[in-house]
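Student: I am new to this one. Could we look at the structure together and work through some questions?

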Amino acid sequence: MSMVAIKNCPDYTLNVMMDKLDEGIDLLGGWGRFITPGMKVLLKVNLIGPKPSDSAAITHAEFVRALTRMLKAHHCTVWIGDSSGGAIAGIAPTARSLVISGLQEVAESEGAVIKNFDKEGVVPVKSTIDSKPMYLAKPLFEADLVINLPKLKTHSASMYTGAVKNLYGCIPGLRKAEYHRLAPDQFALGHVIADINTAVNAGLHIMDGVIAMQGNGPTAGKAYPAKKILFSTDPLALDIVAAAMIGLSIDDIPILVSARQRGLGEASLSKITIRGDYPAPPQLAGFRLPKGSRILATDKRVHRFLGKVIDIMKARPRIITKLCRGCNMCVESCPVQAIHPETMAINYTICIECMCCHELCMHQAVKLKRDNPVMELAARLDPRMRS
Ligand code: SF4
Ligand code: SF4
């Protein structure tokens, strides 16, 4: 039976957090279950873009510092790695993200090694949605243990992003956009992500839910002090519990429906043992969901049948030109070249609604709007969907 441990953690004070992390790991069987001295341990963070830790968009640098220090005390070599989304002139902004996040400083001061996934080479793995192999960052296969460090966040396209989806960053640089093109709906994207989870086989998942992100995540939402850390060896079970904390079930999150189909872990909340500070998922009062549609995802056929209804409900990206700084990140990152580089108009006949532009704009110039004015008004009145 899969187990998820939940510990309260009031803030990112280092000593307090290290105690909470130790207590959570003890509930899973202790560090000795996962590591031995001399092991190379890769901390796969969420470094979605060049955002500071206090933005709540990324795994907090102090969270990573705490784990680095603990692993070093167990005589492990620590690597910190990810690939940010987006690209400018063909170069993903991972190096800049590492500096702005504070992770570069953590690595330098704690004796860890940065692994910028865009520069470390790749390893081919099996893809179930493409005849060609998928390429993932090499350090994932050179480490003795991968510890996945997702952030508790909403996501405007997938509703929620956690442990399962965090491994999407294992695809280096521009290739992420290519897989968005190959997998134009969330169910198909879920299968891409399931392929990655299967190939990487992370041994431990620890979610930074100390300061979560609510509203229009994964970058433009608002911080929510959830004050929780979640631990599990089962990424799907961890996500089922975290989703329950924010009022969602698996059928609200197509990526997790695909993960269930692929047997990535335990998908039934009633079959997950919960330990630590709570006997059941604690509800995060007033937590706001994204403004995008809340998809009732049962299976692919039902999803298609409801397509027209969802089209009325859903939000689409629009670029607010007076907020746009002309950085070109959205234009370069759009997997189907739907954004006109001069007018910034989006061609909705080819837009696949991957939300990359909304996700990556660091100036909040890409807003989510509903075409249907009644639905737009309804969304504004629903406090759970307000951005
Ligand atoms: S919309 Fe945002 S990402 Fe796109 S060019 Fe303008 S500022 Fe850059
Ligand atoms: S315009 Fe935005 S949402 Fe549409 S395909 Fe391009 S990046 Fe994705």
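Student: In which hand, left or right, does α1 pass α2?

Tutor: First, the ground rules: this is a predicted model, in which local features need pLDDT of at least 70, side-chain atom pairs count only at pLDDT 80 or more, and totals for chains, interfaces and linings use all residues. Residues are numbered from 1 along each chain as its sequence is written, while chains are lettered from A and ligands numbered from 1 in the order in which they are written. A crossing is left-handed if the near helix is turned anticlockwise from the far one by less than a right angle, and right-handed if clockwise. For α1 and α2 the crossing is right-handed.

Student: At what angle do the axes of helix α1 and helix α2 cross?

Tutor: Helices (H or I, at least four residues) and strands (E, at least two) are DSSP runs, numbered from the N terminus. Axes are lines fitted to C-alpha atoms, for helices over the stretch in contact, and angles run from 0 to 180 degrees between N-to-C directions. Helix α1 covers residues 14–27 and helix α2 residues 61–73; their axes come within 9 Å and cross at roughly 60°.

Student: How many residues of the contact of α1 with α2 are charged?

Tutor: Contact means C-beta atoms, placed from the backbone, within 7 Å. From α1 the contact includes Leu 14 and Asp 22, and from α2 it includes Glu 62 and Arg 65. Ala, Val, Leu, Ile, Met, Phe, Trp, Tyr, Cys and Pro count as nonpolar, Asp, Glu, Lys and Arg as charged, and the others, Gly among them, as polar. The contact has eight nonpolar residues, no polar ones, and charged residues numbering four.

Student: Is Ala 56 buried or exposed?

Tutor: Ala 56 sits in the loop between β2 (40–45) and α2, and its phi is positive, near 70°. Buried means 20 or more other C-beta atoms within 10 Å of a residue's own, exposed 12 or fewer, and partly exposed in between, with C-beta atoms placed from the backbone. Ala 56 has 26 such neighbours, so it counts as buried.

Student: How does Met 344 count, with its 19 C-beta neighbours inside 10 Å?

Tutor: Met 344 lies in the loop between α13 and α14. Its phi is near 65°, a positive value in a residue other than glycine. With 19 C-beta neighbours inside 10 Å, it counts as partly exposed.

Student: Why do the buried residues of α7 line one face of the helix?

Tutor: In helix α7 (residues 175–182) the buried residues are Lys 176, Ala 177, Tyr 179 and His 180. The arc is that of the directions from the helix axis to the C-beta atoms. Seen down the axis of α7, the buried residues line one face because they fall within an arc of 160°.

Student: What is the omega of the peptide bond from Gly 217 to Pro 218?

Tutor: Pro 218 is in the loop between β10 (204–214) and β11 (222–224). The bond from Gly 217 to Pro 218 is cis, with omega near 10°.

Student: Which charged residue is in the shell around ligand 1?

Tutor: A residue is near a molecule if its C-beta atom, placed from the backbone, lies within 6 Å of it. The shell divides into eight nonpolar, three polar and one charged. Its members include Cys 324, Cys 327, His 363 and the charged one, Arg 325.

Note on methods:
Contact = placed C-beta atoms within 7 Å.
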